[in-house]
Structure formats: structure tokens, C-alpha cells
Amino acid sequence: MTIFPPDPDLGALRLELSRLRAERGWTYDELAARTGLARRTLIEIEQGRTIGSLKTWHALAHALGAPLDQLLGTLCAGHEPPTPPLA
């Protein structure tokens, strides 16, 4: 029997990005300048129209000074850790 992982909480990830950006008082233009990403890309990520690539989230984490594992960890907030298969 295959047990699939729970769906990632993309809403929590978007909210964390928005929170970190607001905490720094940065506009989309400011974050775009610090990441090299397009302003439109940042807006679409925060509004849930796109997810963004790992490279995108890596750039965001560096610009925001947030560890990538902490930022992406919001995807699994509230999930039970996987249990090892029975032997």
C-alpha cells in the first residue's frame, strides 16, 4: 500500500513570503532589485498564481536573510513527520 504525503501548504508559504517582505518594509520593486527576479513574478507568487522554482525561492531566501529550510518548512506546517515503513 502506498501512502502519499499530505499536500504542501502553499498558502502558508505565500503568507510567509509576504510577512517577511512586509517585516522589512520592502516593496515588490525593492525585493525584485535584491533578488534579480521580476516584480511581476513576485506579485504572482504572493497572490498564488504561480509557485516559483527552487532557484526562485533560493534567491528569495538569500535576499530576505531567511534560511531556505525555514522558509520552505512552512509547506509542511502541521504535517506529521513521516513514519518509517514497517519491517
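Predicted model: local features only at pLDDT ≥ 70, side-chain atom pairs only at ≥ 80, totals over all residues.

User: How far apart are the end C-alpha atoms of H1, and what span should its 15 residues have?

Analyst: Helix H1 covers residues 10-24. At 1.5 Å a residue, and because the expected span is 1.5 Å times one less than the number of residues, the 15 residues of H1 should span 21 Å.

User: Which residues of H1 are buried, and which helices do they pack against?

Analyst: An α-helix has 3.6 residues a turn, so residues three or four places apart point the same way. In H1 the buried residues are Ala 12, Leu 13, Glu 16, Leu 17, Leu 20 and Arg 21. The helices against which these buried residues pack are H2 (28-35), H3 (39-46), H4 (54-64) and H5 (68-73).

User: Is Glu 16 buried or exposed, and which residues is it in contact with beyond its neighbours within four places in sequence?

Analyst: Glu 16, which lies in helix H1, has a relative accessible area of 13%, and because buried means under 20%, Glu 16 counts as buried. Its side chain is joined to that of Arg 19 by a polar contact of 2.8 Å. Leaving aside the neighbours within four places in sequence, the contacts of Glu 16 are Leu 71 and Thr 74.

User: What is the relative accessible area of Arg 21, and at what distance does a polar contact join its side chain to that of Glu 46?

Analyst: Arg 21 has its place in helix H1, where a relative accessible area of 12% makes it buried. Not counting residues up to four places away in sequence, Arg 21 touches Trp 26, Thr 27, Tyr 28, Leu 31, Glu 46 and Leu 64. With Glu 46 there is a polar contact between the two side chains, and its length is 2.7 Å.

User: At what angle do H1 and H4 pack, and which residues of H4 does H1 meet there?

Analyst: The axes of H1 and H4 are 11 Å apart and the helices pack at an angle of about 30°. Because angles under 35 degrees count as roughly parallel, H1 is roughly parallel to H4, and H1 passes H4 in a left-handed crossing. From H1, the residues Leu 13, Leu 17, Leu 20, Arg 21 and Arg 24 take part, and on the H4 side they meet Trp 57, Leu 60 and Leu 64.

User: At roughly what angle do the axes of H2 and H4 cross, and is H2 roughly parallel or roughly perpendicular to H4?

Analyst: The axes of H2 and H4 come within 9 Å and cross at roughly 105°. Because angles of 65 to 115 degrees count as roughly perpendicular, that is the class for H2 against H4. Leu 31, Arg 34 and Thr 35 in H2 meet Ala 59, Leu 60, Ala 63 and Leu 64 in H4. The arrangement of H2 relative to H4 is therefore roughly perpendicular.

User: How far apart in space are the C-alpha atoms of Leu 42 and Ala 32?

Analyst: Leu 42 lies in helix H3 and, at 1% relative accessibility, counts as buried. Not counting residues up to four places away in sequence, Leu 42 touches Tyr 28, Leu 31, Ala 32, Leu 37 and Leu 60. Although Leu 42 and Ala 32 are 10 residues apart in sequence, their C-alpha separation is 7.3 Å.

User: Which residues does Ile 43 touch, not counting those up to four places away in sequence?

Analyst: Ile 43 lies in helix H3 and is buried, with a relative accessible area of 7%. Under that same exclusion of residues up to four places away, Ile 43 touches Tyr 28 and Arg 49.

Definitions and conventions:
Residues numbered from 1 in each chain as written. Heavy atoms only, no water. Helix = DSSP H or I, 4+ residues; strand = E, 2+ residues; numbered from the N terminus. Buried < 20%, exposed > 50% of the residue type's maximum accessible area, 1.4 Å probe, protein only. Polar contact = N/O pair within 3.5 Å; in protein donor to acceptor, adjacent residues only side chain to side chain. Contact = heavy atoms within 4.5 Å. Axes fitted to C-alpha atoms, helices over the stretch in contact; angles between N-to-C directions. Parallel < 35°, antiparallel > 145°, perpendicular 65-115°, else oblique. Left-handed = near helix turned anticlockwise from the far one by under 90°.
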